[in-house]
Structures are given as structure tokens and as C-alpha cells.
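Dear colleague,

I am passing on a structure for you to look through, and below it you will find notes on what turned up in it. Please read them slowly, with the model open beside you.

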Amino acid sequence: MIPDMISPVTLAVLQARVTSSRLPGKALKPLLGKPMLLRQIERIRRSSRIGKLVVATSWDGTDDPIEALCLEGGIDCYRGSLEDVLGRFYEAAKCYSPDHVVRLTGDCPLADPQVIDYVIARHLEGGFDYTSNSIERTYPDGLDVEVVKFSVLEEAFSDAALPSEREHVTPFIYKHPERFRIGQATQSRDYSAMRWTVDEPEDLVLIERIYEALYPLDPGFGQDRILSFLEENPELVDLNSRFELNEGYRRSLESDPG
């Protein structure tokens with residue numbers, strides 16, 4: 001899909017693909033009658049600091065349905081390498097010549113626009129090269145936001161070589177604090193033990209329960225309302241509490257040369 005000829009100050013690139021070893025097709029799983037990816041986009045679009053959104057998927061035939069979904073919904077879509085995710089991400093962003101790029105992933109249907117806006121504000125006000133709420137983690141897994149200067153993303157695209165750096169986009173940046181100015185976005189209470197991402201069938205069950213309870217009353221429900229709901233229903237937290245954080249990145253690290 002050809003992008004509009006604009007140069008947003010802040011561009012959101014949402015990575016999404018159909019293939020998944022643990023929960024195949026998760027981005028297209030129905031969530032209150034709509035594909036999970038569309039539910040996430042609905043939430044991201046509530047952000048007041050994102051100028052444009054593009055979905056970055058792969059050229060692999062399995063991802064044809066994602067492009068079709070975007071075309072139907074009038075959502076910009078870029079297709080690139082399946083394995084070189086950094087390359088795909090960079091090329092998707094390059095189409096728009098943004099000043100800053102927000103990295104989001106399509107397995108986070110509880111993405112909170114207020115959290116997104118806070119991380120962007122922290123990044124811009126601090127003059128950072130890269131800012132994240134997922135390195136010094138206080139937010140639940142699934143509310144992850146990363147913001148990077150496009151010029152810094154360009155450096156990473158040019159210089160990153162390790163498999164883990166190409167598959168996960170930002171490690172080359174945050175692993176070089178001597179080269180880049182790194183910002184952290186945290187909150188006063190630590191909810192990092194919470195798992196709100198979707199990688200396993202149990203994750204999806206939890207997300208379905210949250211949407212069923214909260215969306216009909218307030219489609220824009222955010223982190224605070226989810227936390228209150230889970231405090232009222234503590235048994236739901238146990239549905240997916242046994243799964244490892246960042247398992248995919250750990251596997252990528254294992255493929256790096258020793």
C-alpha cells in the first residue's frame with residue numbers, strides 16, 4: 001500500500017505477522033467479533049502524539065491476510081523481510097521520513113494510548129535517542145512502547161549484525177549506551193510481573209475475559225481499569241503467570257555467534 005505523502009513527526013510502526021510457533025494466527029484471532037490486530041489499532045489510534053500508523057508485515061504468503069485486512073480497513077501496510085525484522089521496520093518507517101518512530105508489536109491488544117503518549121513525551125522532552133518502558137520494566141508485559149529517533153534507527157539498520165539485533169529491531173541501540181542517549185520511562189508502582197501480551201492460548205483467554213468485562217462499558221479502558229478488574233478477579237492472573245518473559249528474544253540470543 002502506497003503511503004500518504006506526509007512526514008509525521010512521530011510515526012508508529014506496528015509489527016505484525018501470522019506465523020507464530022506458540023499461537024499461530026494470533027494477530028487475526030477474533031476479539032469481541034474483530035481481529036485482535038484491529039482491536040489493538042483501535043486503541044493505538046487514541047494516542048494524541050502519534051502522527052501516523054503503519055503496519056509492517058512480511059512478504060511471506062502467510063501474511064497475505066494481514067495486508068488484506070489493512071487494505072479493507074484503510075490502514076497503511078508495508079511488507080518486507082520475514083527474518084530481518086530490523087530491515088523491514090526501517091524500510092517501513094523510511095517511507096514516511098519521520099523524525100521519531102514508535103515501535104509497537106501486534107501481540108499487545110491492551111496497548112494503552114496514555115502509556116504510549118507518556119513514553120513519547122518522555123523521549124521528546126528528554127532529548128533522548130531511544131526511550132523505552134520495557135528495559136527498566138515497571139509496566140505490565142504487553143504495554144511495551146519504544147521510541148527512537150529515525151536517524152538512530154538508520155544507524156542501527158546500517159551497523160547491526162547479530163541475528164538477535166536484526167530480529168528484534170532495537171537491541172543494537174539499547175546495548176550501546178556509550179553511543180546513544182538512552183531514556184527510561186517508568187511508573188511509581190511496579191506491575192512488571194503482569195503478563196498482558198498474547199503468545200500462548202492462555203494469554204488470549206485472559207485478554208478475552210478483560211475485553212468482555214470492560215469494553216462494553218468503556219471501549220477506551222486503560223491500565224488502571226484493567227488493574228482494578230484483575231484485583232477484583234485475582235484468579236484470572238494465574239491463567240498465564242507461568243510463562244517466561246521475552247522468550248523469543250532469549251532464543252534469538254542463542255543463535256548469536258559465541
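Glutamate 67 and arginine 79 join their side chains in a salt bridge, with N to O at 2.8 Å, where a salt bridge is a side-chain nitrogen of Lys or Arg within 4 Å of a carboxyl oxygen of Asp or Glu. Because glutamate 67 sits in helix H2 (residues 64-73) and arginine 79 in strand E5 (residues 76-80), the pair ties together parts that are twelve residues apart in sequence; helices (H or I, at least four residues) and strands (E, at least two) are DSSP runs, numbered from the N terminus. Glutamate 67 counts as partly exposed at 22% relative accessibility, whereas arginine 79 is buried, with a relative accessible area of 6%; buried means under 20% relative accessible area, exposed over 50%, and partly exposed in between (1.4 Å probe, protein chains only).

Please keep in mind that this is a predicted model, in which local features need pLDDT of at least 70 and side-chain atom pairs count only at pLDDT 80 or more, while totals for chains, interfaces and linings use all residues. Residues are numbered from 1 along each chain as its sequence is written, and side-chain values use heavy atoms, with hydrogens and water left out.

Why might such pairs form? Side chains of opposite charge can pair when their charged atoms come close.

A second pair is the salt bridge between glutamate 146 and arginine 103, whose closest N and O atoms are 2.6 Å apart. Since glutamate 146 belongs to strand E8 (residues 146-149) and arginine 103 to strand E6 (residues 100-105), this pair ties together parts that are 43 residues apart in sequence. Glutamate 146 is buried at 6% relative accessibility, and arginine 103 is buried too, at 13%.

In the whole structure, the search finds 16 salt bridges, and a network of them links Lys26, Asp107, Arg195, Asp199 and Asp203.

Turning to the helices, H8 (residues 201-214) and H9 (residues 223-232) pack with their axes 11 Å apart and at an angle of about 105°; axes are lines fitted to C-alpha atoms, for helices over the stretch in contact, and angles run from 0 to 180 degrees between N-to-C directions. H8 and H9 are therefore roughly perpendicular to each other, a label used for angles of 65 to 115 degrees.

Technical notes: Parallel < 35°, antiparallel > 145°, perpendicular 65-115°, else oblique.
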